[in-house]
Amino acid sequence: MKYGFMFGAGAEMGYGLPSGGRFALDIFRHDSSKSKQEFKNMRESVDSTTNYANQWLPNDFRSKNISSFGRSVFQNIITDTIGNNRTQIIKKINQFDEIAKSEEEKLNREKNVNITQIIESLLDRELDNIHLGQNIAFIPELKEGNGLFNNTYFSALLLIYKKKEILSFESRTELGKILLSIIQFQIGALGEALSHKINDSVFSKKDDEIDIFDDIGEIIQLNYSASGLSGMEYLLDKPKFAGADNESIILQFAHNILESIYASVLDYKSLIDANWHYLYSPASDWAKFCKICIFLLNVRDYISGAAKGIDFSLCRGYYQMLREALDAENFEVSAIATTNYNHFIVDLLKENVVFLNGSTELWYDPYLNRIGEKDSLSTNENHILVPLIFTQSGTKPITSIEMSSEYVDTYRAWQESDAIVIVGFGFGQDDEHINGILRTLVDVDDRKLIIVTLSGTPKEIAQKLKVRKKENIQIVIVNQLGVTSDKKPWTEVLTEQGHS
């Protein structure tokens, strides 16, 4: 059997790397001073006698101030997060107990503490006998969020806050900030859902022929600064609760839950969408050009630093498992692609890998719309370059001949495969440039997709991918270690299919 492979973010979680919203939180916490200096060094090396310097860059570009994204962008992120993910936020917060149990298990492993016992000792009550749903409720218009107060862990944390004698003043203040952030985030999502409903149509009945009704704009707008921003700012300040006493453990527990909620829903891609185009207008938008350049440099620095901290001898992830199967010559490979940015996939697989969304080792020259390794893009003019990442948001790099060729070559190779194996990929809205290729392979080329995932059904994947031939989709359910319920590595399932 000949397989094509594609790896998404889920394939690297086993290496201890964050994904999604937690990835975004860590990026915004990351010190940008090193990236600012890197940008300054590139600016200083530009040959000021060239057309590039005189027509592309602003006058006196070497002496102009530079700046990076500050906290002012956080409100835009919260606005987009609540606007785009309001239903998901409400559902997530209403499932508070599920998040709390997961975080309790993590703290138990890390610090050998029993959160339930600590809560019960502080309140002198059994945890499963604590509910505040009869005492606290939102107004009827926001009743969808009332599930929060029926959660035992949230109710218990509220009671710990209520009883002033349990915690010190400082600890009680910290716990109050966390609980308020959760409630505000829930109200923000509920308010956004309500305002959408009203703004979509303020009339229960109307005469469509009276066109002045069509000119009624948005009536209600949400105060985003009070509906989620404070929670994000609190998390970005990264408070420390290092003590082993009960108060510190409760605060760490509550903080971890807040971070988990934000990490599961945070939408940061709008920041890229809103600023990527400034890469092409440094002469007229120098400050914004600097900000997006430094942000991309800082993301690369964070990703590269996180990868350097991995001890691959202590973790056996999807990449090593595939390498072992290839060494055993269990099947052939047509082409391997990834939507991740880390380059260690190449080191572990020892195969050619196509980086569909860019990588830490690929760079982009906005002036020439060229892509390549840094040395290959070097010119006598010394252009300012940026790391090639987030190309699913900044679509223009995909039109470069280098990237276009990679996409076409990968598609052609996958056409010649018996099946394409997808590991840890979510088929999201921002992935349509890849979804379209897979859709063509399934519906037009009649190729099989084998989805290696923690959960899901062929029908669910077919709906997300918008394909007609769901019979061409096969699911392989694995655990966090990439092993099936009958203890088989995911690669062994592929091997068995190849021999059948």
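Mentor: Start at Lys487, in the loop between strand E9 (473-477) and helix H19 (490-499). Helices (H or I, at least four residues) and strands (E, at least two) are DSSP runs, numbered from the N terminus. This is a predicted model: local features need pLDDT of at least 70, side-chain atom pairs count only at pLDDT 80 or more, and totals for chains, interfaces and linings use all residues. Residues are numbered from 1 along each chain as its sequence is written, and side-chain values use heavy atoms, without hydrogens and water.

Lys487 is not a glycine, yet its phi is positive, about 70 degrees. Its relative accessible area is 70%, so Lys487 is exposed. The cut-offs are under 20% for buried, over 50% for exposed and partly exposed in between, with a 1.4 Å probe and protein chains only.

Now the sheet. It is open, with six strands in the order E3-E2-E1-E7-E8-E9 and parallel pairing. Strand E3 (353-355) and E9 stand at the edges; each has a single partner strand, so one side of each lacks a neighbour in the sheet. Neighbouring strands are turned by 20 degrees against each other on average, direction ignored. Two strands pair if DSSP finds at least two bridges between them. E7 (residues 419-423) and E8 (residues 448-453) have five bridges, in the parallel sense. There, Ile422 stands opposite Ile451 in E8.

Helix H18 (residues 458-465) lies across E8 and E9, at about 120 degrees to E9. Contact means heavy atoms within 4.5 Å. Axes are lines fitted to C-alpha atoms, for helices over the stretch in contact; angles run from 0 to 180 degrees between N-to-C directions.

Next, the helix pair. H2 (residues 33-45) and H12 (residues 286-308) pack at about 120 degrees, with axes 8 Å apart. That makes H2 oblique to H12. Under 35 degrees is roughly parallel, over 145 roughly antiparallel, 65 to 115 roughly perpendicular, and the rest oblique. The H2 residues in contact include Phe39 and Met42, which belong to a group meeting H12 residues, among them Trp286 and Phe289. By class, the contact has eight nonpolar, two polar and five charged residues. Ala, Val, Leu, Ile, Met, Phe, Trp, Tyr, Cys and Pro count as nonpolar, Asp, Glu, Lys and Arg as charged, and the others, Gly among them, as polar.
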